Amino acid sequence: MAEAARKIDVIDTRPAFTQADADALNARFTGVDTLTMLKALFADGTLGTTAVVSSFGTESAVLLHLVAQADPSVAAIFVDTLKMFPETLAYRETLVSAFGLTNSWVVEPDAAVLAAKDDKGLRWSYDPDGCCDIRKVEPLKRAKAGLDSWISGRKAFQSVTRQNIPRFEVEDGRLKLNPLGDWVKADLEAYFAEHDLPRHPLEAEGYLSIGCQPCTSKVQPGEDPRAGRWRGWDKVECGIHVDKPGEEPVF
């Protein structure tokens with residue numbers, strides 16, 4: 001049989017990472033401390049093009065410090081929703097400088113989208129899901145477009161919707177790494193103390209989980225650490241860590 005005059009191009013549509021890859025990595029790094037794991041992953045290129053995504057909130061310094069110790073050139077992405085506390089913006093500059101992070105990105109909402117869907121800047125007051133979608137989810141989606149993997153600061157103890165977080169999972173073919181998934185509050189506090197890390201200036205005032213200024217309130221004693229987020233609304237996530245807007249994450 002004669003060979004075709006022109007070979008048919010075949011586009012490889014397979015995801016970069018599969019659940020089997022995540023399972024293998026979870027097994028490989030079982031019992032391995034976080035810093036050792038990060039150093040190994042960055043050194044052997046397992047993660048491909050990667051970045052750590054940070055809110056620069058009250059607990060963010062721990063993960064950012066670990067990443068900086070492993071490889072300070074790893075990109076650190078911050079989504080500025082244009083509704084952030086001034087203290088958060090200042091804290092970001094403090095941590096980037098203190099940890100020597102050399103590849104820090106800031107991504108913002110699309111101006112045209114804001115003009116069309118939130119021209120008064122008040123969408124948060126009547127549609128917090130929609131506000132998060134245009135101010136946080138969509139900008140981060142753009143930022144992640146060129147990434148093979150990304151690093152999240154989620155921790156299981158933060159909320160009932162964040163229980164049973166694996167170190168490695170797959171999201172739309174992209175590997176998602178949760179280095180602090182099994183850390184508890186005491187672990188974070190010990191790390192802050194051991195390395196004398198800077199604290200978010202609003203933490204001492206009772207803000208234990210900090211997002212956008214209009215949708216963040218102080219947490220009362222005994223409350224869930226994320227109780228101050230979207231208080232009064234049936235909402236616990238911004239949408240970055242869920243499969244679809246409005247749905248709770250499934251792990």
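In H3, the residues Ser 60, Ala 61, Val 62, Leu 63, Leu 64, His 65, Leu 66, Val 67 and Ala 68 are buried, where buried means under 20% relative accessible area, exposed means over 50%, and partly exposed lies in between (1.4 Å probe, protein chains only). Before going further, please note that this is a predicted model, in which local features need pLDDT of at least 70 and side-chain atom pairs count only at pLDDT 80 or more, while totals for chains, interfaces and linings use all residues. Residues are numbered from 1 along each chain as its sequence is written, and side-chain values use heavy atoms, with hydrogens and water left out.

The chain's secondary structure comes to 7 helices and 6 strands; helices (H or I, at least four residues) and strands (E, at least two) are DSSP runs, numbered from the N terminus. Along the sequence, their pattern reads α-α-β-α-β-α-β-α-α-β-β-β-α. The chain has 251 residues, and buried ones make up 46% of them. Among contacts between residues at least 6 apart in sequence, 71% join residues at least 24 apart, with contact meaning heavy atoms within 4.5 Å.

Back to H3, which is mostly covered, with 9 of its 11 residues buried. What do the buried residues of H3 pack against? Their partners are H2, E1, E2, H4, strand E4 (149–151) and H7.

Two packed helices are described by the angle between their axes and the distance between the axes. Here, axes are lines fitted to C-alpha atoms, for helices over the stretch in contact, and angles run from 0 to 180 degrees between N-to-C directions. The axes of H3 and H7 cross at roughly 60° and come within 9 Å. H3 and H7 are therefore oblique to each other; angles under 35 degrees count as roughly parallel, over 145 as roughly antiparallel, 65 to 115 as roughly perpendicular, and the rest as oblique. On the H3 side, Ala 61, Val 62, His 65 and Leu 66 meet Leu 188, Tyr 191, Phe 192 and His 195 in H7.

H2 is the other partner. The axes of H2 and H3 are 9 Å apart, and the two helices pack at an angle of about 50°, so H2 and H3 are oblique to each other as well. Thr 34, Leu 35, Leu 38, Lys 39 and Phe 42 of H2 make the contact with Leu 66, Val 67, Gln 69 and Ala 70 of H3.

In soluble globular proteins, nonpolar side chains tend to be buried together. A nonpolar core is a set of buried Ala, Val, Leu, Ile, Met, Phe, Trp, Tyr and Cys residues joined through side-chain atoms within 4.5 Å. The largest one has 37 residues, of which Leu 41, Val 62, Leu 64, Phe 99, Phe 168 and Leu 177 touch the most other members. Helix H1 (19–28), helix H2 (34–44), helix H3 (60–70), strand E2 (75–79), helix H4 (86–99), strand E6 (174–177) and helix H7 (185–195) each supply at least two residues of this core. H3 gives the most, with 7 residues. Leaving aside neighbours within four places in sequence, Phe 99 is in contact with Ala 61, Leu 64, His 65, Ala 68, Leu 197 and Pro 198.

Most residues other than glycine have a negative phi, and most peptide bonds are trans. Phe 56 has a positive phi of about 55° although it is not a glycine. Phe 56 sits in the loop between strand E1 (51–53) and H3 and, at 0% relative accessibility, counts as buried. Asp 196, in the segment after H7, has a positive phi near 50°. Is Asp 196 buried or exposed? Asp 196 is exposed, with a relative accessible area of 67%.

Finally, consider Lys 83, in the loop between E2 and H4. Lys 83 and Trp 124 are 41 residues apart in sequence and 9.7 Å apart in space, C-alpha to C-alpha. Beyond its neighbours within four places in sequence, Lys 83 is in contact with Gly 121, Trp 124, Arg 135, Cys 212, Gln 213 and Pro 214.
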